Amino acid sequence: MIHEILPVGMLQCNCSIFGDETSRQAIVIDPGDEIENILAVLTRHGLTVKAIVITHAHIDHIGGAAKLKAATGAPVYMNAKDQELYDGLDMQAAWLGTKPPERTEIEEPARDGDSLTLGDTAFHILHTPGHTQGSISLWIPAENKLVAGDTLFRDSIGRTDLPGGDGREILRSIHAKLMVLPETAVVIPGHGSNTSIGREKARNPFLQGL
Ligand SMILES: [Zn+2]
């Protein structure tokens, strides 16, 4: 499996590009910005985008979705509980002092328990609310990888002080849905360095003594 992680945009959101070597199909997760660079990676590997998946509707994760969809024709997957946030994209842009990006329709609801496939590899959708109400993580057992969005970071967890955030709920999500995964599982957070479930279980200060 091809997997490239591209930090994009002002807030350096980790965009993940997964590509199947046989079918040459790809899943792009969180195309926040810099769509030209994402398209260059796709072209370099000869990949066709099958699905665009959004972990949550913050502008740094979803800002480039319309542009990537226009370039590839791939459907966009996002949990419906973040639709309201997405509808407020212009307001999010104003908070950051940037120009509002183009919006698009969300075709697929990305519900808890849904899965996507890339070749023979399953991408399971876990609803992990707390950072936002519609936050999802993607668990890819065959790759032993978790794409965690802004739910879990190396030594930290997602902020919960923005609209839709809930401090208790994010901890519940992490314990019930993420800490049950194998300790060796690699975690790709929405920003910053990779980590593992085991490392965060042992060392993440937000997850101790609960
Ligand atoms: Zn976020």
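Which residues are the protein donors of the zinc ion? They are His56 (NE2), His58 (ND1), His131 (NE2) and Asp150 (OD), lying 2.2 to 2.4 Å from the zinc ion. A donor here is an N, O or S atom within 2.8 Å of the metal (3.2 Å for Na, K and Ca), and water is not among the atoms, so sites may look incomplete.

Before going on, some housekeeping: this is a predicted model, where local features need pLDDT of at least 70 and side-chain atom pairs count only at pLDDT 80 or more, while totals for chains, interfaces and linings use all residues. Residues are numbered from 1 along each chain as its sequence is written, and side-chain values use heavy atoms, with hydrogens and water left out.

Back to the zinc ion: the donor residues follow the spacing H-x1-H-x72-H-x18-D in sequence. His56 sits in the loop between strand E4 (48-53) and helix H2 (59-62), and Asp150 in the loop between strand E9 (145-149) and strand E10 (152-153), so this pair ties together parts that are 94 residues apart in sequence. (Helices, H or I with at least four residues, and strands, E with at least two, are DSSP runs numbered from the N terminus.) Both residues are buried, His56 at 0% relative accessibility and Asp150 at 6%; buried means under 20% relative accessible area, exposed over 50%, and partly exposed in between, with a 1.4 Å probe and protein chains only.

Now for the pockets. H2 and helix H5 (89-96) each supply at least two lining residues, and H5 gives the most, with 3.

H2 also turns up at the largest pocket, where helix H1 (35-45), H2 and helix H3 (65-72) each supply at least two residues of the lining.

Last stop, Pro141, in the loop between strand E8 (136-140) and E9. Pro141 is partly exposed, at 37% relative accessibility. Its C-alpha atom is separated by 9.3 Å from that of Pro182, 41 residues apart along the chain.
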